[in-house]
Structures are given as structure tokens and as C-alpha cells.
Amino acid sequence: MRTFWTVVGVIAAILIAWVVVDVVLRLAVFAVKLGLVAVVALVVFLLLRRLFARRGDQTP
């Protein structure tokens, strides 16, 4: 009976580890996507600001 519980414990440990790794990787991917979106948004904002600033300077 001791061997049975050992096998059950190993299977449970593997399943728990699988779920934990899955959650951590999803959070890491989300964090990277969020960072990339922030960088791209900043670049677009700066380009739009520069574009509209030039147009504003040409108008009397």
C-alpha cells in the first residue's frame, strides 16, 4: 500500500508542477506582450506628436 501512495504522490506532484509552470509561462508571455505594447504605443505617440507639431508650425 505504501508504493501505491508513493505513485499517487508522484502523479499529483507532476500535475501540480504542470499547472504551476503553465500559469507562470502565461504570466510571463502576458508581461512581455504588455511591455511590447507599451513600447510601440510610446513610439506611435511620439511620431504623431512630432507630425502634428510640424503641421502646427506651418500654419500662420
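Q: Is Phe 52 buried or exposed here?
A: In this predicted model, Phe 52 counts as exposed, because its relative accessibility is 52% and the cut-off for that class is over 50%.

Q: And where does Phe 52 sit in the secondary structure?
A: Phe 52 belongs to helix H1, which covers residues 2-58.

Q: Which residues make a nonpolar surface patch with Phe 52?
A: The patch brings Phe 52 together with Val 40, Val 44, Leu 48 and Leu 51, and its area is about 450 Å².

Q: Switching to annotation, where does UniProt place the feature "transmembrane region"?
A: The UniProt record, which is an unreviewed entry, puts that feature at residues 5-21 and again at residues 27-48.

Q: How much helix and strand is there in residues 5-21, and how far apart are the ends?
A: Residues 5-21 are 100% helix and 0% strand in the model, with 24 Å between the C-alpha atoms at the two ends of the span.

Q: What about residues 27-48?
A: That span is likewise 100% helix with 0% strand, and its end C-alpha atoms lie 31 Å apart.

Q: Why edge-to-face, for Phe 4 and Trp 5?
A: Because the planes are at 70 degrees, and an angle over 60 falls in that class.

Q: How exposed is Phe 4, and what about Trp 5?
A: Phe 4 is partly exposed, at a relative accessible area of 46%, whereas Trp 5 is exposed, at 53%.

Conventions: Residues are numbered from 1 along each chain as its sequence is written. This is a predicted model: local features need pLDDT of at least 70, side-chain atom pairs count only at pLDDT 80 or more; totals for chains, interfaces and linings use all residues. Side-chain values use heavy atoms; hydrogens and water are left out. Rings of Phe, Tyr and Trp (its six-membered ring) pair if their centres lie within 6.5 Å; planes under 30 degrees apart count as stacked, over 60 as edge-to-face and the rest as tilted. Buried means under 20% relative accessible area, exposed over 50%, partly exposed in between (1.4 Å probe, protein chains only). UniProt positions are given in the numbering used here, feature names are shortened, and annotations may be inferred rather than shown by experiment. Helices (H or I, at least four residues) and strands (E, at least two) are DSSP runs, numbered from the N terminus. Patches are made of residues with over 30% relative accessible area and no salt bridge: like charges are joined within 9 Å, nonpolar side chains (Val, Leu, Ile, Met, Phe, Trp, Tyr) within 5 Å. Accessible areas come from the Shrake-Rupley method with a 1.4 Å probe; for residues, only the protein chains shown count as cover. A salt bridge is a side-chain nitrogen of Lys or Arg within 4 Å of a carboxyl oxygen of Asp or Glu.
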